[in-house]
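Please look over the sequence and the model first.

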Protein chains: 2
Amino acid sequence: MKAAIITIGDEILIGQITDTNSVWIARQLNDLGIVVGEMVSISDDPDHIRITLDRLIGRYKLLLMTGGLGPTKDDLTKQTLAAYFGGRLVMDDEILHDIEDFFKARGRKIIESNRMQAMIPDTCEAFPNHHGTAPGMWFEKDDTILISMPGVPYEMKGIMVDYTIPRLKELFKFPEVVHKVIMTQGVPESYLAEMIRNWESNLPACVKLAYLPRPGIVRLRLTVTGKCVKESKVILDKLINELSGIISVHIFGFDDEQLEKVLGRELRERKLGLAVAESCTGGNIAHLITSVPGSSDYFRGSMVAYHNEIKSDILDVQQSSLNEFGAVSQSVAEQMVMGVMKSFGAETGIATTGIAGPGGGTTEKPIGTTWISVAYGDNIYSEEFHFGGTRERIIEQASITALNLLRRLVIGTL
Amino acid sequence: MKAAIITIGDEILIGQITDTNSVWIARQLNDLGIVVGEMVSISDDPDHIRITLDRLIGRYKLLLMTGGLGPTKDDLTKQTLAAYFGGRLVMDDEILHDIEDFFKARGRKIIESNRMQAMIPDTCEAFPNHHGTAPGMWFEKDDTILISMPGVPYEMKGIMVDYTIPRLKELFKFPEVVHKVIMTQGVPESYLAEMIRNWESNLPACVKLAYLPRPGIVRLRLTVTGKCVKESKVILDKLINELSGIISVHIFGFDDEQLEKVLGRELRERKLGLAVAESCTGGNIAHLITSVPGSSDYFRGSMVAYHNEIKSDILDVQQSSLNEFGAVSQSVAEQMVMGVMKSFGAETGIATTGIAGPGGGTTEKPIGTTWISVAYGDNIYSEEFHFGGTRERIIEQASITALNLLRRLVIGTL
């Protein structure tokens, strides 16, 4: 089965917001074995919606659409769909009831534009929205199914998980595709490709490899299709085993598991606490760690020390080291990690100190120069890095690299 | 002039990466007055690329394409474009020289697949890539221009800024469109729409309003077109002046300026230092603040206190308060902000303590319950919030709300 994803909204086309709905929906469909043939973003304009539907209906069996359903005047999608699928808007009492409950539960006053969101085309089936007011709508035409959902990501996700996906599973038996993603850290894409070239050349015909880079990380995705699917477990186990023989220390996990989650699991299993002292990463490492539910089991806390006086006053970094070696130095990074572990009573620690730019670079220490220290008990490892790119990218790469160094120190592969 | 944006890559269609290139390109085009009619993501498949080009060439005058140009085997776009525009791949010596320099400057070894990136269709003009190895390519056919650029965002941005945009400006005189975005915090979209309904109804015909919500923030975009453009400054000044009369305290800035940047400016102007104590936001406030270049001028540092013992040991929160009121309480938030301001010697402070979920909620204090305290000298303001949505969304809303509360306290509108 092939699907297309349509996102609607002028705010996407003028570059005001990033469309994150398409990627999320694509992942869900992919897991079901539905191939996404294309994603398209168009304006909330009746003509453009009609032209796009004319082009895609019949060509794809499934169309998932988000956006254009807000309570304000500039949202025209519902009216357009009602006309396209030959229906008229009628009040749906159950949906109205849901919307009224939604406001009651939050102690908020309902207004007329909210109530109007219960007006639904009579040619569709409405799906309740438990996280907002615009319901989902399921239409069928010429053997194509179209599901319209609100553009607010967590409202759309709720409708997908509660209604759209279960309904699709009910209606169709999906062909099988098996994916396995190998997560690597610390080696750029082209180097990695060179390291595993022979292995890649010998992949079975029904297995495809894709390189998926993001800052600091390269994901290797193996896709098994066709007749191999039945034996995919055996095939993938063998391939991953071979790959581990070549790049084992660079592999930190599988299937899009985040590094902060993998590190957290290693710490939890060993009952170790973690404290972080951040200078150039400015809180991003703590933010990544605490984005994982349950991180309070091992995360003690973090200190962002943006000034030298804070480094010396609170983290006990010696003023003489700051003077002699500068804030971006091995000596300061190591004192920072020891200081924060002591303050927070943690068995493991991470410290970063570097120049994220765009200011502050020198010939000796250009922008991107970063010292990272990780420690596990008395065992300290420090390394100097030269990250490239923008401030944002340098912060991201330094954070990811630091998390992985601690992971490797804790499991004993550093 | 109308444009379409094409992003290429299986990793987008299977939901492995979010396409952030389209939004960035759209914003640049929009600033030039070029209307983006659609964005489409397709696979790195020669047939699909050809079909899409057939559909869009002639319909749009300008096509911007990213992706599919990597050094690995699964990138087929360059070959497809060479065939489509009737050329063959030849070695471009200048580009080869650039690529060799790129590796030399980074002290990295060049490999054959990197060198092959200098093979360019002889029917296009190549644009150097100063941040990577795949050059940009400018093609023309049937009065349509197609510019192919690499998919790595900062490489694409470099080519856009250095070559694509200047070349477009050289070739065309763009019609004028004027946008003004009003940034608001603290009022949900539907409430805001209700508050400004009368004002909205009286907008001139050549001015359009759009509501652009994101967690904690609603942006109001005014677009002036047609004959009004000449007087747009007068028209916009008048409209914003009227709007300020209705929702002034909720407006924190204009034109997508981030709250963390606005707060930073207010602090810098007043020569005030800032310290942050984070519990539920877990480092995200520090991360937002330090994402602004030059934030070291006012940001002293942050303490992420994820455990009660850290709150009492390092931030001097009284154990009796933790016992009596719990960690998520006004008393603890206020002691946290006072403690961190003292430790870091800062004149202003922010503290957050709350339940981000998915665990930890109770009937009395459900998930999303958050106390925020902000302080400026001896002046402390505290408020309890009930944020909705996922862990990520609660963290984001709490962070944004905290930044705005401190901004309002500092400028005297709280």
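Which residues form a disulfide with B:Cys206, and how far apart are their sulfur atoms? B:Cys206 pairs with B:Cys228, with the sulfur atoms 1.6 Å apart. This is a predicted model, where local features need pLDDT of at least 70, side-chain atom pairs count only at pLDDT 80 or more, and totals for chains, interfaces and linings use all residues. Residues are numbered from 1 along each chain as its sequence is written, chains are lettered from A and ligands numbered from 1 in the order written, and side-chain values use heavy atoms, without hydrogens and water.

**Disulfides**
- Over all chains there are two disulfides (cysteine sulfur atoms within 2.5 Å).
- In chain B, the S-S torsion of B:Cys206 and B:Cys228 is about -80°, so this disulfide is left-handed.
- The B pair joins distant parts of the chain, 22 residues apart.
- A:Cys206 and A:Cys228 form a disulfide with sulfur atoms 1.6 Å apart.
- The torsion about the A:Cys206 and A:Cys228 S-S bond is about -80°, so it is left-handed.

**Location in chain B**
- B:Cys206 sits in the loop between helix H9 (197–201) and strand E10 (207–214); helices (H or I, at least four residues) and strands (E, at least two) are DSSP runs, numbered from the N terminus.
- B:Cys228 lies in the loop between strand E11 (217–224) and helix H10 (232–247).

**Burial**
- B:Cys206 is buried at 14% relative accessibility, where buried means under 20% relative accessible area (1.4 Å probe, protein chains only).
- B:Cys228 is buried at 8%.
- A:Cys206 is buried at 14%, and A:Cys228 at 8%.
- A:Cys124 is buried at 16%, and A:Cys280 at 6%.

Notes. Buried < 20%, exposed > 50% of the residue type's maximum accessible area, 1.4 Å probe, protein only.
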